[in-house]
Amino acid sequence: MIIKVMHSDSAFQESTLREHSKNLGDRYFLMRLHPRKIIFDTVGAIWAAFFLWNHNWPAALLIFLVMEGLGLYFARNIDPELMAQTTLGRIGLLHKHPVNLTLNLIGLTIVVYGLWLQAGEMILGGLTLIVLGHFFGWPEVDSRFRSKYRTY
């Protein structure tokens, strides 16, 4: 039983490799969940939130751009084929679903504005949208999430 699951999963991985190694957008989504990029994004988010809370948007923008650039620099040499085989890589591909991406961008905008206004409810609402966005796109993570009855 385990061998069959692993075999069908590896078939999915092979199709994922061919499918995702060509597209620059997919490469970016794969890079976003590289552990080095996650570290830089986390540090950048913490400092950007601090600066936005203190109404210092130039510093928040600068720290965001610097950390984004450093994260991309240190994750630039990933092999998309190998990264697509990892759990983090597959979860990165989850974010390319249009509904997921839209809810994440709207939620992030609300969180940033909520930090600026120091409005806790707005921050929580934006974070809720971001988390709800992750409801969509799971067939990109694993073929076992595919179903002929589901449209998401």
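**Reading aromatic pairs and a helix cap**

Tutor: Let us begin with helix α3, residues 35-53, which holds both tryptophan 47 and phenylalanine 50, three residues apart, or about one turn of the helix. Please bear in mind that this is a predicted model.

Student: Why does a spacing of three or four places matter in an α-helix?

Tutor: An α-helix has 3.6 residues a turn, so residues three or four places apart point the same way. In this structure, tryptophan 47 and phenylalanine 50 form an edge-to-face aromatic pair, with 6.0 Å centre to centre and 80° between the planes.

Student: How many aromatic pairs does a search of the whole structure find?

Tutor: The search finds seven. One of them joins tyrosine 73 to phenylalanine 74, edge-to-face, at 5.2 Å centre to centre and 80° between the planes. Ring pairs also link these two residues with Phe40 into a cluster.

Student: Which charged group sits over the ring of tyrosine 73?

Tutor: That is the charged end of arginine 76, which lies 4.0 Å from the ring centre. Tyrosine 73 itself is partly exposed, its relative accessible area being 43%.

Student: Which residue caps the N-terminal end of α2?

Tutor: Asparagine 23 does: one of its side-chain oxygens lies 2.7 Å from the backbone nitrogen of glycine 25. Within α2, residues 24-32, the buried residues include Asp26, Phe29, Leu30 and Met31.

Key: Residues numbered from 1 in each chain as written. Predicted model: local features only at pLDDT ≥ 70, side-chain atom pairs only at ≥ 80, totals over all residues. Heavy atoms only, no water. Buried < 20%, exposed > 50% of the residue type's maximum accessible area, 1.4 Å probe, protein only. Helix = DSSP H or I, 4+ residues; strand = E, 2+ residues; numbered from the N terminus. Polar contact = N/O pair within 3.5 Å; in protein donor to acceptor, adjacent residues only side chain to side chain. Phe/Tyr/Trp six-rings, centres within 6.5 Å; stacked < 30°, edge-to-face > 60°. Lys NZ or Arg CZ within 6 Å of the ring centre and 35° of its normal.
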